[in-house]
Amino acid sequence: MTDVASDPYADVQLLRGRAAWIRVVLGLAVLALLPLVLPGYRLFTLNYMAIFVIVGLGMHLLVGDTGQVSLGHAGFLAIGAYATVLLMTELGAPFLLALPAAAVVSALFGFLLGLPALRLTGPYLAIASLGFGLAVTLIIGTSPAFGGHMGLVVPTATVGPLRLGGDVAKYYVIAGVTVGLGVAARNLSVTRVGRAFRAVRDSEIAAATLGVDVAYHKTLAFAVSAAFAGVAGGLLAVTTGFISPGVFTFTLSLMFLAMVVIGGLGSIRGAVLGSALVGYLNLEMDAFQELPALGPLLEVFSERVMSVAGLPNVGWVATGGLIMLAILVEPGGLNGLWLRVEKRIAGLRGRGGRRRSGGGA
Amino acid sequence: MLTQSIAGGLSAGSIYALMALALVITYKATEVPNFAQGEMAMVSAFVAYVCVTQLQAGFTVAFTVALVFAFLLGVGFEGLVLRRTRDPSHLDLIIVTLGFMLTLFGLAGWKWGADQRPFPFPVSTSAVVLVGDVAVSALSVATIVIALMLMLAVFAFFRFTKLGVAMRAVQQDTVAARINGVPARRVVGLTFGISSVMGAVAALLTAPLITLDPTLMWDPLLKGFAAAVLGGLNTPVGAVLGGYLLGVVENLFGAYVSVEFKSVVAFLVIVVVLWFRPSGLFGRHHERKV
């Protein structure tokens, strides 16, 4: 995926050339101006998607770079969410302190799960992490300190003088954190640690002979991706205003793994695209019957063949179908699709340019 | 109390063992843990349900139809979906099974809703059989006996028939099997069919115990996975023993320690076991060579 650069430091630089700068400034401007044009509930959707993107960035480091599988990341999301809320309500910690603290707590658990991961690979690791995720929600659901099955109401967070009451204020905080973590993940991925991650993924023995501490980097990948999920959990709590064990299910963990694979393993762009897509689907699952042309058709089909009461389940069918389709049709994931479109556009532009110069001659 | 718990554990363990064995035979053939296996079984159970309640079919007909459906579903999933992926990685294939799982779950929920339906079954759930001085429900006895017979049949099939040997050959080394004239593709498809039938039997035995709804096989699937990992994903016999062991340990834990945490003790056990034996209790650990 990454082409060999002539300058060994070229791919470490965050931005190369004026074009990249212009694109980034434009992108940030669009992000900053979105709340002015979008209605509130759309901002909620964006916030929700951004939270998935943060988890996806962490999964990218763990699955894409280091080649380890986790089916328990909903557990880290839960740890982050509950740590943030409890630090705020029990210790009166400000949100800006509670969120990083929650990330640290989550990273600690990630480190703990990383320990058995040292000896386990593939499906064995998948099952162990799956058990971890189930255990977290079960423990939260049964202890009164965590609000049990009834869940916890999240107090309104404040950032300095700003109260995070509405979706707009939340949007700016979440967008800021997401962009910041995106840059962090990208930098981690292309510098020494990220290279060590990929060396471990490609061959543990080769990495070890080159002086890479395999055990350290494998557990580090777990801890870092857990920290990302922890931050996402804290933000999720603030966004939805209410958390309960029912949110952090096994299927959510499946979605987290699926989204980086759909995006295209090993690329940050893919992780971001895949996560945003799956986040959107996960939130808007019930909205399929409200689509303009498809909606009424689905309703008729439900009445005749399926059942009307079960109509909301269409979302599961669509999500599952899209996941299968993504892999069957585009093995490189969304990132592969992106690269192909980019190449096509570049090709068109190149041909157009030649034609123009040809006309001039 | 103790023997009672063990008997209950063996009954639950039979289901886990069936799911684990179904998982292991496809895992050995393709190295893909099939996450859709539980939902495939659940849909098959719904097929039997529709036959009995809506088409007024007898149990023999209904169950036969369900098992045939399960077989076709397994073969179809392998041939029409799994095999269509272009130069897939293992992770790609795992995600495809996850996608199929969500699709089937959604379709079942769409068609039959989330209602918990009592599942008609020829063996009573309330009748009690005395085995020695232990009282066991007739359903438990039926579950244990049917699961054991089915698994023995499968092992015999693998051991003594030409097709079974071909399947084992493909599981061991697909390329070598192909060179020796085994039609590997058809054999893998058939393996998925047999696996799906075993899952369906597990579902038909689980549904009368609890009720039938689209989440029917979630717990058995996860426990089947846990059992297979516990025994060793590469050893069918180990996976079956893992299933029984898990059922008994879980039931004893529920009886003597805590009912609340009964459902996660399985995963605690496997984390501990994997810590000492990374390839499962009965799995052989292959030393890596450079």
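B:Gln56 sits in the loop that links helix 2 of chain B to helix 3 (59-81) of chain B; helices here are DSSP runs of H or I with at least four residues, strands are runs of E with at least two, and both are numbered from the N terminus. Though not a glycine, B:Gln56 has a positive phi of about 50°. This residue is exposed, with 9 other C-beta atoms within 10 Å. On that scale, a residue is buried if 20 or more other C-beta atoms lie within 10 Å of its own, exposed if 12 or fewer, and partly exposed in between, with C-beta atoms placed from the backbone. B:Glu31, in the loop between helix 1 and helix 2 (37-53) of chain B, is another non-glycine with a positive phi, about 60°. B:Glu31 counts as partly exposed, having 16 other C-beta atoms within 10 Å. As background, most residues other than glycine have a negative phi.

All of this comes from a predicted model, in which local features need pLDDT of at least 70 and side-chain atom pairs count only at pLDDT 80 or more, while totals for chains, interfaces and linings use all residues. Residues are numbered from 1 along each chain as its sequence is written, and chains are lettered from A and ligands numbered from 1 in the order in which they are written.

Taken as a whole, chain B has 11 helices and 2 strands, running α-α-α-α-β-β-α-α-α-α-α-α-α from the N terminus. Its radius of gyration, taken over C-alpha atoms, is 19 Å, close to the 19 Å given for 290 residues by the globule rule (2.2 Å times the number of residues to the power 0.38), so chain B is as compact as a globular protein of that length. Buried residues account for 53% of the 290 residues in chain B.

The two strands of chain B, residues 128-131 and 134-137, pair in the antiparallel sense over 4 bridges; pairing requires that DSSP find at least two bridges. B:Val128 stands opposite B:Ser137. The two strands form a hairpin with 2 residues between them, and B:Gly132 in the turn has a positive phi of about 65°.

Now for the contact between the chains. Here 39 residues of chain B touch 35 residues of chain A, a contact being two residues with C-beta atoms, placed from the backbone, within 7 Å. Helix 4 (90-112), helix 9 (218-231) and helix 11 (262-276) of chain B each supply at least two residues of the chain B side, and the largest share, 17 residues, comes from helix 4.

The largest nonpolar core has 209 residues, and those with the most contacts inside it include A:Ala258, B:Leu18 and B:Ile270. Such a core is a set of buried Ala, Val, Leu, Ile, Met, Phe, Trp, Tyr and Cys residues joined through C-beta atoms within 7 Å. Helix 1 (residues 2-30) of chain B gives the largest share of this core, 16 residues. Beyond its neighbours within four places in sequence, A:Ala258 contacts A:Val278, A:Ile323, B:Ile95 and B:Leu98.

Over in chain A, helix 9 (residues 214-240) has 27 residues and reaches 39 Å from its first C-alpha to its last, close to the 39 Å expected, where the expected span is 1.5 Å times one less than the number of residues. Of those 27 residues, 23 are buried. After helix 9 of chain A comes A:Gly241, with a positive phi near 80°.
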